[in-house]
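Have the model open alongside as you read.

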Amino acid sequence: MAARKLGDALRSLQRRSGRPLRSLEAQVRISDSSLSRYFRGETVPTWPVVRELCRALGADPAEYRALWEAANPAHLETPAAADSVGAAGPQPLPRRALWHRLHGPWSRRRVVTAAAAAVAAGALATGLLLLLPLQDGPGAVPAQGAAAGASSSGSAGVVVHNVEKACQKPRTHTCALSLAYNPYRPYTTTNSAGRVWHRDLLQARCTIANGVTVTDENHKHTSIWIQVTHNGQRLWLPGIRVHPDHLTQLTTVLPSCVA
């Protein structure tokens, strides 16, 4: 199996380097669980990810290009296009139609009602942004990390998004995504504050734009982080774990977190 051959080659490279996954994930900004799936051949990484892994492990990426192409027959990325990702950065996708749908002639109550009905019907897969009342009271847990509360009384429901299709259904440890204690520290195991999965609904309170830059499995990246409430705690969700169509909405609807 081509994917297994690529995974074996990358795992062999990692073992020869003597570098543990935690050290590697901090450099390439890919979670250790994703790296494990790549090395087992369960998931085929994008070419930019393979390239960065090779560079981090002191190998020539060109020597692994043929293995990657065999494991990725569609060849959706050309070398030139893949190399331009890091330089060009993520390209925001405006969705004015959806914005007007949320803020057009409908009243706020109708938006909330329609969104709640969509969730009940299983529409979480669309990543629909939900406007929710802020729930702040005596039992609220103070924020952990560098930033604290929101500067206004609004909040929003945000649906977690995992870009790896193989992990959009299983609720396994391997497919879990990490929340963080502090958006200004590296997004690694030592900063892991809890686990969530694709399509989980969280209450978002505010956002920051200058956190640690996080790169997902498709080599997209952002420094936006979202403060969320999870199991009674205020924790942090990387903006890269939200569907890209709705991240811009979140930064518009939610206030900026204040120190």
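## The Cys206–Cys257 link

In this predicted model, Cys206 and Cys257 pair up as a disulfide, with 2.1 Å between their sulfur atoms. The torsion about the S-S bond is 100°, and the link of Cys206 and Cys257 is right-handed. Cys206 sits in strand 5 (residues 201-208), while Cys257 belongs to the segment after helix 9 (244-253), so the bond ties together parts that are 51 residues apart in sequence.

Buried or exposed, then, for Cys206 and Cys257? Both Cys206 and Cys257 are buried.

## The Cys167–Cys175 link

The count comes to two disulfides, and Cys167 with Cys175 makes another of them, again with sulfur atoms 2.1 Å apart. Here the torsion about the S-S bond is about -65°, so the disulfide of Cys167 and Cys175 is left-handed. As for solvent, Cys167 and Cys175 are both buried.

## Cys54 and helix 4

Now over to another cysteine, Cys54. Its relative accessibility is 0%, and with buried meaning under 20%, Cys54 counts as buried. Cys54 is among the buried residues of helix 4, and that helix (residues 47-56) is mostly covered, with eight of its ten residues buried.

Which residues of helix 4 are buried? Besides Cys54, the list has Trp47, Pro48, Val49, Val50, Arg51, Leu53 and Ala56. Following helix 4 you'll run into Gly58, which has a positive phi, near 75°.

## Helix 1 against helix 3

Two packed helices are described by the angle between their axes and the distance between the axes. For helix 1 (residues 2-17) and helix 3 (residues 32-40), the axes come within 6 Å and cross at roughly 120°. Angles of 65 to 115 degrees would count as roughly perpendicular and those over 145 as roughly antiparallel, so helix 1 and helix 3 are oblique to each other.

Who makes the contact? On the helix 1 side the residues are Arg4, Gly7, Asp8, Leu10, Arg11 and Gln14, and helix 3 brings in Tyr38, Phe39 and Arg40. Sorted by class, the contact of helix 1 with helix 3 has four charged, three nonpolar and two polar residues.

Conventions: Residues numbered from 1 in each chain as written. Predicted model: local features only at pLDDT ≥ 70, side-chain atom pairs only at ≥ 80, totals over all residues. Heavy atoms only, no water. Axes fitted to C-alpha atoms, helices over the stretch in contact; angles between N-to-C directions. Helix = DSSP H or I, 4+ residues; strand = E, 2+ residues; numbered from the N terminus. Parallel < 35°, antiparallel > 145°, perpendicular 65-115°, else oblique. Contact = heavy atoms within 4.5 Å. Nonpolar A, V, L, I, M, F, W, Y, C, P; charged D, E, K, R; others polar. Disulfide = S-S within 2.5 Å. Buried < 20%, exposed > 50% of the residue type's maximum accessible area, 1.4 Å probe, protein only.
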